[in-house]
Amino acid sequence: MEWLSWRTVCLSVLCAVLLLRPAAAIRFVIDREECFSHNVEYEGDTVHVSFVVIKAETPWHYSEEGVDLVVKDPNGAQVRDSRDKTSDKFEFIVQKRGVHRFCFTNKSPYHETIDFDVHVGHFSYFEQHAKDEHFAPLFEQIAKLDEALYNIQFEQHWLEAQTDRQAILNENMSRRAVHKALFESAALIAASVIQVYLLRRLFERKLGSSRV
């Protein structure tokens, strides 16, 4: 009975930790520049960042120019940056707690759709207050399990965004290939019609000259 109650407490705490996990994942359309803010409450936390340029405004546009991402701390100092990339994933250690800004810059003349994910990893090392000496290590293991679970979710989100981007690129390339084939077929038919017309005119002139 005592083990059952401990198990219930652990599951409840794990669910609460998962619900309070500081994370943000969004998909947005950028014209020139977009900035987002995310609050980091503790120094020493690890911030995981990923983004993928999913698609462009027009299916005819394909470019590997990418976008720029600059991360700044609460004082405005640059922490990390990623330049001219269609996708990237990195992490950094927080040196100063507070609101961090993530600013994207689009160099393309077209609107771009970007999938953006931020996750803050934090381990709480619980002090020994309870009589049971295994209580604090238990909570520490729960926190590590939570971090491991979210890292899996973070990686899955990154892979899903990459898959979405590739699917859209493949669809656009197939569409362009079909349009190109139709255009070439139409041009070939038009050229054949013109050749037949010119040959008929040529034969008609020759026949007219021979009769005279």
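Residues are numbered from 1 along each chain as its sequence is written, and side-chain values use heavy atoms, with hydrogens and water left out. Because the model is predicted, local features need pLDDT of at least 70 and side-chain atom pairs count only at pLDDT 80 or more, whereas totals for chains, interfaces and linings use all residues.

The protein contains two helices and eight strands; helices (H or I, at least four residues) and strands (E, at least two) are DSSP runs, numbered from the N terminus. In order from the N terminus, the elements run α-β-β-β-β-β-β-β-β-α. Of the 212 residues, 30% count as buried, where buried means under 20% relative accessible area, exposed over 50%, and partly exposed in between (1.4 Å probe, protein chains only). The accessible surface comes to about 14,100 Å², and carbon and sulfur atoms account for 58% of it; accessible areas come from the Shrake-Rupley method with a 1.4 Å probe, and for residues only the protein chains shown count as cover. Among contacts (heavy atoms within 4.5 Å) between residues at least 6 apart in sequence, 78% join residues at least 24 apart.

An open sheet is formed by four strands in the order β2-β7-β4-β5, with antiparallel pairing. Its edge strands, β2 (33-40) and β5 (78-85), each pair on one side only. On average, neighbouring strands of this sheet are turned by 15° against each other, direction ignored; the axes are lines fitted to C-alpha atoms, for helices over the stretch in contact, and angles run from 0 to 180 degrees between N-to-C directions. Two strands are taken to pair if DSSP finds at least two bridges between them. Strands of a sheet pair through backbone hydrogen bonds, either parallel or antiparallel.

Within this sheet, strand β4 (residues 67-72) is joined to β5 by five bridges, and the two run antiparallel. Val70 stands opposite Asp81 in β5, and Lys72 has Gln78 of β5 as its bridge partner. The two strands form a hairpin with five residues between them, and Gly76 in the turn has a positive phi of about 90°. A positive phi, of about 50°, also occurs at Asp84, although Asp84 is not a glycine. Asp84 is located in strand β5 and counts as partly exposed because its relative accessibility is 40%.

Strand β3 (residues 46-56) pairs with β8 in the antiparallel sense over ten bridges. Ten of the ten residues of β8 are buried, so the strand is largely enclosed by the rest of the structure. Both faces are covered: Glu112, Ile114, Phe116, Val118 and Val120 are buried on one side, and Thr113, Asp115, Asp117, His119 and Gly121 on the other. Thr113 lies in β8 (residues 112-121) and is the bridge partner of Lys55. The relative accessible area of Thr113 is 13%, so Thr113 is buried. Apart from its neighbours within four places in sequence, Thr113 is in contact with Arg27, Phe28, Val29, Val52, Val53, Ile54 and Lys55.

Leu149 belongs to helix α2 (residues 135-211) and, at 37% relative accessibility, counts as partly exposed.
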